[in-house]
Amino acid sequence: MARIPEAQPRGGRGARDRILWAAATLFYEEGVHATGVERLTDFAHVSKRTFYQHFPSKNALVAEYLAGQTSSAEQGVDRADLTPRERLLAIFVEPAAGLVRGCAFHNAAVESAGNLPGVGEAVAEHKRAFTRRLVETAAEAGAADPEELGRRLAVLFEGATALATSLDDGAPVRDAREIAELLVDAALR
């Protein structure tokens, strides 16, 4: 996930942007359920009235927050300066030091547990699109079975990021990259 500025100005124009900034910061770092509207409005320096002028509900804000998310993995698979093989491996970026929070979409899916309308669908569509991009990149790389390689890399990525989050340790992502190299090289032979 792209880093978010540490502070936002108070008051004035840009309330919607401040609310989205607060959501991106707090939902990712503290969780969707743990972050209430009052916490969001305090953090964004807006009133509840202003919040509801921009978003009809917290669920609407969650949906817009997810729509604006781009992970480092996605950025890696989209890098034009890398070969297709390198892009397939670039999704495995070991998290920086500090609290490992993993994938914003995975976190939202786990937290919502089917109770936040629209979140499950948004997460599923995002994950399907990410897998399609991996399959397309595997085809560009010349994989014998790009569909299989793309799906396997998606599973490996999801498992590694979930375990890294659970352990608060980036080592599973590093291990996954080593396994991914074996999968990619075998598929490209």
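1. Contact here means heavy atoms within 4.5 Å. By that criterion Thr137 touches Val77, Pro84, Arg87 and Leu88, leaving out residues up to four places away in sequence. The model is a predicted one, and the points below should be read with that in mind.

2. Thr137 sits in helix 8. Is Thr137 buried or exposed? Its relative accessible area is 4%. The cut-off for buried is under 20%, so Thr137 counts as buried. Its side chain also reaches the backbone oxygen of Arg133, at 2.8 Å.

3. Confidence comes next. The protein chain has an average pLDDT of 86. Of the residues, 91% score at least 70. Among the elements, helix 6 (residues 84-89) has the highest mean pLDDT, 96. Helix 7 has the lowest, 79.

4. Take care with residues 1-7. The pLDDT there is below 50. This stretch still has 14 contacts in the model beyond near neighbours in sequence. Where pLDDT is low, predicted coordinates should not be read in detail.

5. Now the core. Which residues have the most contacts inside the largest nonpolar core? They are Phe27, Leu40, Leu61, Tyr65 and Leu66, in a core of 27 residues. Two or more residues each come from helix 1 (15-30), helix 2 (37-44), helix 4 (58-67), helix 7 (104-112) and helix 8 (119-141). Helix 1 gives the largest share, nine residues. In soluble globular proteins, nonpolar side chains tend to be buried together.

6. Phe55 is worth a look. It lies in the loop between helix 3 (48-54) and helix 4.

7. What does Phe55 contact, beyond neighbours within four places in sequence? Arg16, Ile19 and Leu20 are among its partners. Ala60, Leu61 and Glu64 are the others. The C-alpha atoms of Phe55 and Leu40 are separated by 12 Å, and the two residues are 15 residues apart along the chain.

Conventions:
Residues are numbered from 1 along each chain as its sequence is written. This is a predicted model: local features need pLDDT of at least 70, side-chain atom pairs count only at pLDDT 80 or more; totals for chains, interfaces and linings use all residues. Side-chain values use heavy atoms; hydrogens and water are left out. A nonpolar core is a set of buried Ala, Val, Leu, Ile, Met, Phe, Trp, Tyr and Cys residues joined through side-chain atoms within 4.5 Å. Buried means under 20% relative accessible area, exposed over 50%, partly exposed in between (1.4 Å probe, protein chains only). Helices (H or I, at least four residues) and strands (E, at least two) are DSSP runs, numbered from the N terminus. pLDDT is the predictor's confidence in each residue, from 0 to 100. A polar contact is a pair of N or O atoms within 3.5 Å; within protein, one must be able to donate a hydrogen and the other to accept it, and residues adjacent in sequence count only if both atoms are side-chain atoms.
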